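Keep the 3D view open as you read.

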Amino acid sequence: MACSADGLPTSEALSLLHEDISIALDEYQKTEAEKNKGFGPKSVLYEAFHHKSSLSVFHWTSVIALIVEGIVLLVAFAACNDPRYQHLPAESFFIFLAVILNVYLVWWDTQLRHKEVPRLTHNVLKDLKEYHGNVLWSAENYPHLHSPCITLQWTRRDGNTVNLPWSLLVRGDIILMKPGQKVPARCRPMQFYGLVASSTLSCDPL
């Protein structure tokens, strides 16, 4: 990618950010689809019902025990003609209903946990696609250059040096490093007129 000392325009940087997030999201969803095959340790079914899962609140053993209890109550009712046991079918029904309701709620909650990040990421992508072409950010829209926050990076954008959050760095961004500062991405040194070669880098965010 060709770079100039002015850095990337904001609209181009947001387009690159949209592209990179889309690629990462596709890879994540493919990985999740592989994990959810069968009853593997990272699958939804495992997390929801396996007795060794730290995230499970309703283990499969509890499901089996409650179903057996409901069946035993029905068998006891069928084997006894005593009117004192007429309530057993109703108790059985409520046990089965509670099992079905709990299984559904636990599975639904686990599904939500697995889908929350992709859903929120889709919302971010939608906003980026909608607004990247008409975003007008000036240097005043960014945090002060001497902000003490360690997750802000001096970056060249639209011909200005701005304090950019690490999460908004994209491929081809030109950053300026201060002595002792941690590099936020994979970078290579660059040299431009008016910039110090040893402290100017072009980055590909990790």
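## A residue in between

A residue is called buried under 20% relative accessible area, exposed over 50%, and partly exposed in between (1.4 Å probe, protein chains only). A33 counts as partly exposed because its relative accessibility is 43%.

You'll find A33 in helix α1, residues 10–35. Helices (H or I, at least four residues) and strands (E, at least two) are DSSP runs, numbered from the N terminus. From the C-alpha atom of A33 to that of S43 is 8.8 Å, and these two are 10 residues apart along the chain.

## Where the numbers come from

This is a predicted model, where local features need pLDDT of at least 70, side-chain atom pairs count only at pLDDT 80 or more, and totals for chains, interfaces and linings use all residues. Residues are numbered from 1 along each chain as its sequence is written, and side-chain values use heavy atoms, with hydrogens and water left out.

## A residue tucked away

Now look at strand β1, residues 152–157, which holds Q153. Is Q153 buried or exposed? Q153 counts as buried, because its relative accessibility is 0%.

What is Q153 in contact with, leaving aside its neighbours within four places in sequence? Its contacts (heavy atoms within 4.5 Å) include V162, N163, L164, W166 and L169. Also among them are I175, L176, M177, Q181 and P184.

## Back to the helices

L101 lies in helix α4. With a relative accessibility of 48%, L101 counts as partly exposed.
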